[in-house]
Amino acid sequence: MTGTDTGIGKTVVSSLLVASIRGFRPTAYWKPVQTGIEQDDDTAEVRRLARCTRDEIVDAGIRLPRPLSPHLSARLAGRSIAVDELTAIADRLPKDRFWVVEGAGGILVPLNDMETMADLIAELRLPALITARSGLGTINHTLLTLAELRRRSIPIAGVVMVGKRNDENRKAIEEYGGTAVLAEVPFLASLGPDSVGNLAQGLAAELRRVAS
Ligand SMILES: Nc1ncnc2c1ncn2[C@@H]1O[C@H](COP(=O)(O)OP(=O)(O)O)[C@@H](O)[C@H]1O
Ligand SMILES: [Mg+2]
């Protein structure tokens, strides 16, 4: 699970994926790199929104205090991030589950001087699902993300759009991006386990396409 930006809805879409896919396949969520852990804890948020059981959440990963890009947040914490270290955690995850792995920011966010989130996605060998906003600006951001994934031969699972429905933007992403918009997620007036559960049920058929 990647996105065209930070704050685009990856965590909410991750919660929806867990809540909709668990009905037909064991599912779990993992956030390999979390910055700004004191204010933003995506793992805790998915646990809350999708009412996850213990087996549906992995807590392991790199956790950094400053709410900045991982490369900088790591540097300020006096450490570094290596893709190898994250794939070593991934190797220990149960293989019999469908994994929703949430990135940090978008795909070219640096992890260190050499590696980006895209390198992590490639090493994890998981298809990339892109969360994109529905409104103005999304065509460019989404097409850039798709182009970079293709350049790296990373398989693409599709796009999930978040926000007020925009049929023209959906059509443009599908046509110019040569990919499917799997689901359109509306803004929820009150975001919580109940509203996420209801929405996951309503979008189950669409979201399950990611795992089939
Ligand atoms: N469908 C939605 N309905 C209501 N609020 C949302 C929705 N999607 C995202 N948000 C809110 O927008 C903000 C960013 O979403 P989040 O999923 O955390 O983005 P990301 O993981 O890409 O940084 C959060 O405050 C979240 O609660
Ligand atoms: Mg997030």
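1. The side chain of Thr-35 reaches the backbone oxygen of Leu-68 at 2.9 Å. That is a polar contact (a pair of N or O atoms within 3.5 Å; within protein, one must be able to donate a hydrogen and the other to accept it, and residues adjacent in sequence count only if both atoms are side-chain atoms). Thr-35 lies in strand β3, residues 33-35. Strands (E, at least two residues) and helices (H or I, at least four) are DSSP runs, numbered from the N terminus.

2. This is a predicted model: local features need pLDDT of at least 70, side-chain atom pairs count only at pLDDT 80 or more, and totals for chains, interfaces and linings use all residues. Residues are numbered from 1 along each chain as its sequence is written, chains are lettered from A and ligands numbered from 1 in the order in which they are written, and side-chain values use heavy atoms, with hydrogens and water left out.

3. Is Thr-35 buried or exposed? Thr-35 is buried, because its relative accessible area is 13% and buried means under 20%, exposed over 50%, partly exposed in between (1.4 Å probe, protein chains only). Its contacts (heavy atoms within 4.5 Å) include Asp-40, Leu-64 and Ser-73, not counting residues up to four places away in sequence.

4. Next, ligand 1. Backbone N or O atoms approach its oxygen atoms from Gly-7, at 2.8 Å, and from Val-12, at 3.0 Å. A polar backbone atom of Leu-188 is 2.7 Å from a nitrogen atom of ligand 1. Helix α1 (residues 10-21) gives the most to the shell around ligand 1, with three residues.

5. Last, Arg-150. It is found in helix α6, residues 138-151. Arg-150 is partly exposed, because its relative accessible area is 42%. Arg-150 touches Ile-156, Gly-177, Gly-178 and Thr-179, not counting residues up to four places away in sequence.
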